[in-house]
Amino acid sequence: MEAKVISGGTRFTSLPRSYVRPESERPRLFEVSAFEHVPIIDLGCNDRSRVVRQVGDACRVYGFFQVINHGVSTEAVERMQEVAAEFFRLPEEEKMKLYSEDPTKTMRLSTSFNVKKEKVHNWRDYLRLHCHPLEKYMEEWPANPPTFKEFVSNYCREVRRLGYRLEELISESLGLEKDAVRNILGEQGQHMAVNFYPPCPEPELTYGLPGHTDPNALTILLQDLHVAGLQVLKDGKWVAIDPHPNAFVINIGDQLQALSNGRYKSVWHRAIVNADKPRMSIASFLCPSDDALISSPVSLLDNGCGPTYRDFTYAEYYKKFWSRNLDQEHCLELFKNQA
Ligand code: OGA
Ligand code: NI
């Protein structure tokens, strides 16, 4: 189905039909309440065992949490946000030079989710970049705005350090050596999605991103400070995660669910849109290396019935993920061992 960017600058007065969800799939925004007790973990806290415990609890119960005092500088965050906003303000012709619907491309501007596979589109444009190793990928990044490469690469470096720290905490919270998770994930890739959700004439009828889990290991999400839109599924209900100043939202991806033998949850989440304001979110994804074998350490197979999932390489998983539509069953279900 034909689609192209919606951040072209003209404001839509009605929602094009190709974005309208069937009645049963709509977001039912009137039923969504704010999530009052989102775990907020202070990474600046000196009591490491306390932080490890908090991380473990959050991963087990919710599959996500927020972090503050995370070590990513305010300057890096602000510059990233500024240059990303500036990018989406570029003229449509300029942006369209980067447009592609091919998910195997390492740098592209695209729209919705997987335009070639989906039946209904989503109210989102996104710039997707590979970010590691930086020297390899920066070359192909947008040359406009002129500060783009400098600001984004800085941000990527700082976020990667945070990701490693979180993986160590996650490792320890599983009772493993602090390097164990990183060792399994191999030389990790890093991708970024700069998501832009323009004001939407009929937010009740569509999504920015429909409910999904992230296929990677760990996601570090920078929410728009002024416009809410992220919701997570908790006890069967969608709840809104309002932005918290100076915080990142961290969510467990499918690979950490598999590696932890299902102890930690790759949380279902979605982005909804609103009628008045554009919203931008910046997601950084840490991904296992293509040849990493995703397999639970023996110490986590203590449930008496062996591993929940069969071993697989990340390359195999990723291919399967992009061959599907986003809002289908959990991709991990396809890798489950028979009970
Ligand atoms: C994503 C995502 C949520 C948001 O990019 O995978 O879930 O708030 N984004 O934009
Ligand atoms: Ni996501």
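Modeller: Let's take the ligand first, then the metal, then the backbone. Keep in mind that this is a predicted model.

Colleague: Fine. For the ligand, which residues are closest to ligand 1, and how many surround it?

Modeller: The idea is to list every residue with a heavy atom within 4 Å. Here that gives 13 residues around ligand 1, and N195, Y197, H269, R279 and S281 are the closest. Sorted by class, the shell has seven nonpolar, four polar and two charged residues.

Colleague: Which strands supply at least two residues of that shell?

Modeller: There are β6 (189-197), β7 (209-212), β12 (269-271) and β13 (279-287). β13 gives the most, with four residues.

Colleague: And what about polar contacts?

Modeller: For those, look for N or O pairs within 3.5 Å. A side-chain N or O atom of H269 is 2.9 Å from an oxygen atom of ligand 1. The side chain of N195 also has an N or O atom 3.1 Å from a ligand oxygen, and for H212 the value is 3.1 Å as well. Taken on its own, ligand 1 has 290 Å² of accessible area, and the protein covers 96% of that.

Colleague: Where does ligand 1 sit, then?

Modeller: In the largest cavity.

Colleague: On to the metal. Which residues coordinate the nickel ion?

Modeller: Ligand 2, the nickel ion, is coordinated at 2.1 Å by NE2 of H212, OD of D214 and NE2 of H269. Their spacing in sequence reads H-x1-D-x54-H. H212 belongs to strand β7 and H269 to strand β12, so this pair ties together parts 57 residues apart in sequence.

Colleague: Last topic, the backbone. What should I expect by default?

Modeller: Most peptide bonds are trans, and most residues other than glycine have a negative phi. Exceptions deserve a look.

Colleague: Where are the cis bonds, for instance?

Modeller: One runs from H132 to P133, with omega near -5°. P133 lies in the loop between β5 (125-130) and α4 (134-137). Another cis bond joins N144 and P145, again with omega about -5°, and P145 is in the loop between α4 and α5 (148-173).

Colleague: What is phi of N246?

Modeller: Near 60°, a positive value in a residue other than glycine. N246 sits in the loop between β10 (237-240) and β11 (248-252).

Methods. Residues are numbered from 1 along each chain as its sequence is written. Chains are lettered from A and ligands numbered from 1 in the order in which they are written. This is a predicted model: local features need pLDDT of at least 70, side-chain atom pairs count only at pLDDT 80 or more; totals for chains, interfaces and linings use all residues. Side-chain values use heavy atoms; hydrogens and water are left out. A polar contact is a pair of N or O atoms within 3.5 Å; within protein, one must be able to donate a hydrogen and the other to accept it, and residues adjacent in sequence count only if both atoms are side-chain atoms. Accessible areas come from the Shrake-Rupley method with a 1.4 Å probe; for residues, only the protein chains shown count as cover. On a 1 Å grid over the protein atoms alone, a cavity is a set of points where a 1.4 Å probe fits but cannot get out, and a pocket is an open set with protein on both sides within 12 Å along at least five of seven lines; lining residues have an atom within 4 Å of a point. A molecule sits in a cavity or pocket if more than half of its atoms lie within 2 Å of its grid points. Ala, Val, Leu, Ile, Met, Phe, Trp, Tyr, Cys and Pro count as nonpolar, Asp, Glu, Lys and Arg as charged, and the others, Gly among them, as polar. Donors are N, O and S atoms within 2.8 Å of the metal (3.2 Å for Na, K and Ca); water is not among the atoms, so sites may look incomplete.
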